There are 2 protein chains.
Amino acid sequence: MTSQETYPTPDETAGQVPTITTVARLANVSVASASRVLNGIRTNPSTLARVTEAAEAVGYVPNAAARSLRSRRTGQIAFAMPDVANPVYTTMVSSIQELARARGWRLLLHSTGADPEDELAMLRDLKHRFVDGLILVSLHLSEAHAEELARAAAPVVVIGGPRSDAITDTVHAYSRKGAREAILHLGGLGRSRIAFVNGPQHTTPGASRRRGYLDGLRFCGLARDDSLIEVADDFMIEPGRRAAERLLERERPDAILCANDLLAIGALSALRAAGRDVPGDVALVGMDNIPLSEVTWPPLTTVDLGSAERARIAAELLLDRIETPDLERRVVGVEPRLVVRASSGVPV
Amino acid sequence: MTSQETYPTPDETAGQVPTITTVARLANVSVASASRVLNGIRTNPSTLARVTEAAEAVGYVPNAAARSLRSRRTGQIAFAMPDVANPVYTTMVSSIQELARARGWRLLLHSTGADPEDELAMLRDLKHRFVDGLILVSLHLSEAHAEELARAAAPVVVIGGPRSDAITDTVHAYSRKGAREAILHLGGLGRSRIAFVNGPQHTTPGASRRRGYLDGLRFCGLARDDSLIEVADDFMIEPGRRAAERLLERERPDAILCANDLLAIGALSALRAAGRDVPGDVALVGMDNIPLSEVTWPPLTTVDLGSAERARIAAELLLDRIETPDLERRVVGVEPRLVVRASSGVPV
DNA sequence: TTGTAAGCGTTATCAC
DNA sequence: GTGATAACGCTTACAA
């Protein structure tokens, strides 16, 4: 660069990030016109061409913060789930991400550790307006949740529950029905000492799957025996293994239903250690149909609760509501589907 | 509400979201003072008290967009990975999320599908300034990547590579060394027909693990035999199963190293289907040490490449650089660690 | 169709 | 220490 060159005003170039002003100046139009072109609003072809070219030339990209501040939309939605490491939620993430992306939204991810306080904080944080909406998976919707949901600063769709006093769009599984069907399946195969390894019973899934288990026994004409129920302290593999271990120490079930697939994988490991053949000695059934359930040995019979579909629906409900705020509240249930594999003793 | 009541100006209350102006007015100070208090800048105790109280009273929460626009910081970082559904990346997400949260940052998630174009788009999108930094996991850093990285609008830390011509902070595994150690382990156990199930070989992990495999054979004094190498078209379970199937159709290896644990889980399933005992007939070793590798049957011997640690370090590097932009470039490697379990024939 | 100009809610730079 | 006030980059009435 020589001293003979004209120095550009700082706004025009330099290492600066180009703004809409840069573009407008270069195209010789007002920022308003530039904005219109950039937002696809009908304009005179020549203006359109000049602005487009100018934007291209300087590599213009709109500033997200400025756009949000003015338009009151961020183009982001958030997904808050109990645990990123759980395949069920990972499935949901994929599903939501796909839809969000297709419709031009960014996805923000948040793992709550299933901590109610954290969930509530997330709801309150919506006031910051860093997202235009939230999909929340909660294992237990308390009264406090209902209150925060009622005053949430942005649309929220809940996956879980549903609470009758909640006012938000909700997507839920029929896990009671799912558990019942699993028991009917086992009963139909002639199993009569059917145990149940549950997760924490104060959670919605824990409570309703337990009910489904009991429903199933009744339908099959089997006596209820609470010593066949064992509770793990989390819906994970290792707690499942330990719970199954405790169960096997005192009982000889000929079948076990686990409240989810991770628990079932843990149980499988305990059964193996105890020298029980699956499905010869013990038929095993899980719930959720995570990808893993297909590759265990033996492959796991499970109840598909439609996680991918629930998540997709939740995302649709959310984006719809963001676009059209005064829709009626919608509550959608997704039907369970029994997926029979070798672990329940049916040759496949 | 009766007509005798004084109507508040719209700015003061109503269903409106309170802004800093609302707070300032209520506390009887200027917005500047309110801002100072709210940002923890030293102020006169009485001002501080009044503003704090006012903010509390109206439930004030700062608007993220306005704050970003003015301060040029978003308080968000992004993590872009090839696939949310892969446990390796899930582990990384947990790790990053933990650190980000502790240091007061939000985490944005993006799944690229290992598509280079998508990765490049993500880098370009940094110009939108919707995040203050990015952690990018890439399976293959091309020339184009190096270029985009050089002109990225925000700090980026790469997990992968490393490319010598890249200028960004980088965290990488020593996967070549890891693969070599796995082979030394198998060789030391007396296995001599050691096969290798690799993922796509044009990727960095694919290429370097292959080199490590060959290194290992050489160290053990075993002849190289390319028909013992089989390539899966993705680092996933099902491709692993199919690749192992092809391998077993033509060869009788007494050990198999898989380029990651998912491939190994697939291979395990193929071995079972082929009636080969693990580890009796075939010793099996994976790489990554994902949580799942502990609960397969038999539990999987694997090379821990430190995904959680790499992710944590990447997050630290990123946040450091955001806070202190003119640090020197840092490249950090994380040592591999062999985790011996039953699948390689060592009693545990 | 285009330009002018008024914000959006903050933070930062000044004087005082 | 505090208060005006000018940005930050953009969208959107409204007027021309």
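Visitor: How many residues of chain B are in contact with chain A?

Guide: Two residues are in contact if their C-beta atoms, placed from the backbone, lie within 7 Å. In this predicted model, 33 residues of chain B are in contact with 33 residues of chain A. Residues are numbered from 1 along each chain as its sequence is written, while chains are lettered from A and ligands numbered from 1 in the order in which they are written. Local features need pLDDT of at least 70 and side-chain atom pairs count only at pLDDT 80 or more, whereas totals for chains, interfaces and linings use all residues.

Visitor: Which elements of chain B supply at least two residues of the side that touches chain A?

Guide: Helices (H or I, at least four residues) and strands (E, at least two) are DSSP runs, numbered from the N terminus. On chain B, helix 4, helix 5 (87-102), strand 2 (106-111) and helix 11 (261-273) each supply at least two residues of that side. By class, the side of chain B that touches chain A has 20 nonpolar, nine polar and four charged residues. Here Ala, Val, Leu, Ile, Met, Phe, Trp, Tyr, Cys and Pro count as nonpolar, Asp, Glu, Lys and Arg as charged, and the others, Gly among them, as polar.

Visitor: Which residues come closest to DNA strand C?

Guide: A residue is near a strand if its C-beta atom, placed from the backbone, lies within 6 Å of it. DNA strand C is surrounded by 26 residues, and the closest are Ala32(A), Ser33(A), Asn44(A), Ile20(B) and Ala66(B). Two or more residues come from each of helix 2 (31-38) and helix 4 (64-71) of chain A, and helix 1 (20-27), helix 2 (31-38) and helix 4 (64-71) of chain B. Helix 4 of chain B gives the largest share, five residues.

Visitor: Which residues come nearest to DNA strand D?

Guide: Of the 26 residues around DNA strand D, the nearest are Thr19(A), Ile20(A), Ser30(B), Ala32(B) and Asn44(B). The surface near DNA strand D divides into 11 nonpolar, 11 polar and four charged residues.

Visitor: At what angle do helix 1 and helix 3 of chain B cross?

Guide: Axes are lines fitted to C-alpha atoms, for helices over the stretch in contact, and angles run from 0 to 180 degrees between N-to-C directions. The axes of helix 1 and helix 3 (residues 45-58) of chain B come within 8 Å and cross at roughly 125°. Therefore helix 1 of chain B is oblique to helix 3 of chain B. Angles under 35 degrees count as roughly parallel, over 145 as roughly antiparallel, 65 to 115 as roughly perpendicular and the rest as oblique. The contact of helix 1 with helix 3 of chain B has eight nonpolar, one polar and one charged residues.

Visitor: Where is the cis peptide bond of chain A, and what is its omega?

Guide: Most residues other than glycine have a negative phi, and most peptide bonds are trans. In chain A, a cis bond joins Trp297(A) and Pro298(A), with omega about -5°. Pro298(A) sits in the loop between strand 9 (283-287) and strand 10 (301-304) of chain A. The peptide bond from Trp297(B) to Pro298(B) is also cis, with omega near -5°.

Visitor: Is Arg72(B) buried or exposed?

Guide: A residue is buried if 20 or more other C-beta atoms lie within 10 Å of its own, exposed if 12 or fewer, and partly exposed in between, with C-beta atoms placed from the backbone. Arg72(B) is exposed, with 11 other C-beta atoms within 10 Å. Phi of Arg72(B) is near 65°, a positive value.

Visitor: What is phi of Arg129(B)?

Guide: Phi of Arg129(B) is near 60°, a positive value in a residue other than glycine. Arg129(B) counts as buried, with 22 C-beta neighbours inside 10 Å.
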